[in-house]
Amino acid sequence: INSYDTKEEIYEFVNKHDIKYPVLLNGKSIAKEYGVIGFPTLYIIDESGKVIYAQSGFNEATILEIEKIIKNAL
């Protein structure tokens with residue numbers, strides 16, 4: 001979800017990084033609903049809609065932890 005960048009900036013980023021997942025534009029209301037106060041913010045939501053993981057900022061050390069959480073949720 002991108003809340004603030006322009007459509008052109010988002011498409012440039014998506015193309016540059018070959019992102020395959022959908023990116024929601026104008027997501028200010030969603031960000032507000034989830035209490036996002038900084039970017040990037042990551043939420044992992046299970047099939048029932050429950051937030052099972054939340055992280056603000058980026059830390060490469062947590063990539064393995066995130067992968068484990070996703071695998072366990074599948």
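User: Which residues gather in a patch of negative charge on the surface?

Analyst: Happy to walk through it: this is a predicted model, where local features need pLDDT of at least 70, side-chain atom pairs count only at pLDDT 80 or more, and totals for chains, interfaces and linings use all residues. Residues are numbered from 1 along each chain as its sequence is written, and side-chain values use heavy atoms, leaving out hydrogens and water. On the surface, the negative patch brings together D5, E8, E9 and E12.

User: Is E8 buried or exposed?

Analyst: E8 belongs to helix 1, residues 7-16, helices being DSSP runs of H or I with at least four residues and strands runs of E with at least two. Buried means under 20% relative accessible area and exposed over 50%, with a 1.4 Å probe and protein chains only. E8 has a relative accessible area of 58%, so E8 is exposed.

User: What pattern does the protein follow along the sequence?

Analyst: Good one to check against the view above. The secondary structure comprises three helices and two strands. Read along the sequence, they give α-α-β-β-α.

User: How many Å apart do the centres of the positive and negative side chains lie?

Analyst: Lys and Arg count as positive, Asp and Glu as negative, without His or the chain ends. Each charge is placed at NZ of Lys, CZ of Arg, CG of Asp or CD of Glu. With 8 positive and 11 negative side chains, the two centres are separated by 3 Å.

Conventions:
Patch = residues over 30% accessible without salt bridge, like charges linked within 9 Å, V, L, I, M, F, W, Y side chains within 5 Å. Areas by Shrake-Rupley, 256 points an atom, 1.4 Å probe, with all protein chains shown as cover. Salt bridge = Lys/Arg side-chain N within 4 Å of Asp/Glu carboxyl O.
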